[in-house]
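Me: I am new to this model. Could you take me through it in short questions and answers?

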Amino acid sequence: MKAPNRVTDDSAIREVEERQRRRFKLPAFGIFESMKVTLRTMLSKAVTVQYPEERIELPERTRGVIALLEENCTVCMLCSKDCPCWCIYIEGHKVQKPGKRKPVNELDRFAIDYGLCMYCGICVEVCPFDALHWSPYFEYNSYTYEGMIHESDVLQEWQHHVLPPPPLVADADPKAQELQQVAHDKRLDGVWGVIREQDKKDAYRAAETAAAAGLAPPTAGVSSDTLPEEAPASSAVQAPAAPEPATAAEAAAPQAAEPATTPSDTERVSTPAPAAPAADLGDIPRIDPNNLPDGIGPVERGRLKKLAEFQHRGEAPPTDPVDLLAVLKPILDQMRG
Amino acid sequence: MSESLLLLPVRGVVVFLVALLSQIPLLYGLLKISAHQMDRLGPMYPGRFHGIGQPIAEFVKWIQKEDIVPRTADAPVFRLAPLVALLPAFGVFAVIPVAPGLVGAESELALLFVLALSAVGAIAVVMAAYASQSKFTLVGGLRAVGQIIAYELPLVLGAISIAMLAGTLSLTEIVEAQAIPYALWPFPFGAIAFLLFVLSCFAEVLWPPFDMPVAESEIIAGPYTEYSGMRFIFFYMSEFAHVIALSAVGTLLFLGGWRGPILPPVIWFVLKVSAFVVFFIWARFTLPRLREDQLQKFAWKLLIPLGLVNVLGIAVFKVLT
């Protein structure tokens, strides 16, 4: 009886083994082989990165530190309660706001003791209001234990490194796509990749007051997706991250290569987001983050998505630590033609 | 005669300084080459340029450490052992000719002197091992002595082969005997002698793949386990001096010493010795450690018979030609 799952025909393996056995080898062959290997590594470039002087480009969603988005926090204490290290300090009080029926929580103090934190990320997972995010920042050391406790102003600062959520896959549920698009559009304006509800409100109010005073035409300075009412409308367009250029300001941004249509600074003065410099995006093709070209590596995919963000906002892509346009040039050329 | 007597202290100091200072490039090369073999960079900060000051920093670190003598140790012998290791290793430098006429002490029996002094290291290891009164040092000491005795023979047989071919024990004359093109002894006698010499050099200085006496995963640091501070570094200095001295002797015996075109003799000599040392470091950080019995078998069953046959063959060859 044969065992059923045994490979019975191992002639191929035997043949290889026999060939290896027959191959002529010098005595002490292994010594020469190993000396060859070490000689090759000795002559090749070392892989060491001299950290403070040199840096590697980290993946853009690296889990470095936990950053706080203060205006989203409702002092629900879920993160603090679920923290296994008890390293989150939250203090708050209740305030009766005019126009609100119930008193609302106001945050007084939010601090994370990074001397205790073990980076499990439970607080990020558990936060129901997306107030906590993983940030790729990591240089937060201190010479003292007290210095490792970072207060909310520092945690807020780290939000600047957080990217918006990645787009969904192309065949996702339409409702999910719509909701995601809303969230995505919300994050695109304001500070890099951060939901800025307050900024949005400020922008709306500024536009209103400007319209009331008759100083400027109502929609001259505020692009369409900074107005809360119009954000869902632009998201209804099939291609995500490619809303219809509704206003002059937005239409001009991707084509900033032509200086004639670039909006002047005075036109954009009421925009609360940091005024984007006139971006020299050249003639790069429109990048659809949901539909990237096939056959490119994960790093290039990430960089393309990053470039898509900048393209959408009409800003110049960063040149540090890598020149996005330069490193992506072969792929962009391929997309173009 | 009186002039050379007056110059004697000067010569001694110069030889000592050469022996001492040549350790700096060796240690630096050791750190850097081993690092690059592992795709690392090695020291980069001391001395501002690629960690060039690291050997000095290491030395300063070691002399700052406390000199501990175990309570149960045989204190006088324990204290003496590092010096017994260091001084013969430095003494070898006295008879090594660097260029024609440029030698600490010209001797007719220089090769014999070198081989005799390099065997004294075994005594220092035994002193250190027994005086420490520790199991690890004892095991390490026994291994070291067994190894040095076993590999002294192939080393001597390799060197004697060359002495027979050249017909002299003077290192200067051996170099003179190596006709142009450089370093060509009659085949296969020279090649076998070279093999014997190089392999036993590794065992003589207790470097991998023959470092069972200091096998750190089994017996901590072998005979040096109980040492600390300056005395510990003396053993390492003697080891480094041994490496350089044996490389220099190997260069003189097999690579044509200072002979070479265009460049001055001293440069040629330094280049050849450096190549020898780099080979030692390269092999040291590549090859894994042998087992104790494999080491002994390799010496007694292969190297020594090979050496004897080689010497016999050379004798026949010399008679016939």
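This is a predicted model: local features need pLDDT of at least 70, side-chain atom pairs count only at pLDDT 80 or more; totals for chains, interfaces and linings use all residues.

Me: In which loop of chain B does Pro209(B) lie?
Reply: Residues are numbered from 1 along each chain as its sequence is written, while chains are lettered from A and ligands numbered from 1 in the order in which they are written. Helices (H or I, at least four residues) and strands (E, at least two) are DSSP runs, numbered from the N terminus. Pro209(B) lies in the loop between helix H8 (189-204) and helix H9 (216-219) of chain B.

Me: What kind of peptide bond joins Pro208(B) and Pro209(B)?
Reply: Look at omega, which is about 5° here. The bond between Pro208(B) and Pro209(B) is cis.

Me: Is Leu206(B) buried or exposed?
Reply: Leu206(B) is in the loop between H8 and H9 of chain B. Its phi is near 55°, a positive value in a residue other than glycine. A residue is buried if 20 or more other C-beta atoms, placed from the backbone, lie within 10 Å of its own, exposed if 12 or fewer, and partly exposed in between. Leu206(B) has 26 C-beta neighbours inside 10 Å, so it counts as buried.

Me: How many other C-beta atoms lie within 10 Å of His50(B)?
Reply: His50(B) sits in the loop between helix H2 (23-37) and helix H3 (54-64) of chain B. Its phi is positive too, near 50°. His50(B) is partly exposed, because the number of other C-beta atoms within 10 Å is 15.

Me: Which element gives the most to the side of chain B that touches chain A?
Reply: Contact means that the C-beta atoms of two residues, placed from the backbone, lie within 7 Å. Twelve residues of chain B are in contact with twelve residues of chain A. H2 and helix H11 (265-284) of chain B each give two or more residues to this side. The most, three residues, come from H2(B).

Me: How are H2(A) and H2(B) set relative to each other?
Reply: The axes of helix H2 (residues 29-43) of chain A and H2(B) come within 7 Å and cross at roughly 105°. Axes are lines fitted to C-alpha atoms, for helices over the stretch in contact, and angles run from 0 to 180 degrees between N-to-C directions. Angles under 35 degrees count as roughly parallel, over 145 as roughly antiparallel, 65 to 115 as roughly perpendicular and the rest as oblique. H2(A) and H2(B) are therefore roughly perpendicular.

Me: Which residues in H2(B) does H2(A) meet?
Reply: On the chain A side are Thr38(A), Thr41(A) and Met42(A). They meet Ile33(B), His36(B) and Gln37(B).

Me: Which element of chain A has the lowest mean pLDDT?
Reply: Chain A has a mean pLDDT of 70, and 65% of its residues reach 70 or more. The highest mean among its elements, 91, belongs to helix H3 (residues 78-82) of chain A. The lowest, 38, belongs to helix H8 (residues 231-235) of chain A.

How values were computed. pLDDT is the predictor's confidence in each residue, from 0 to 100.
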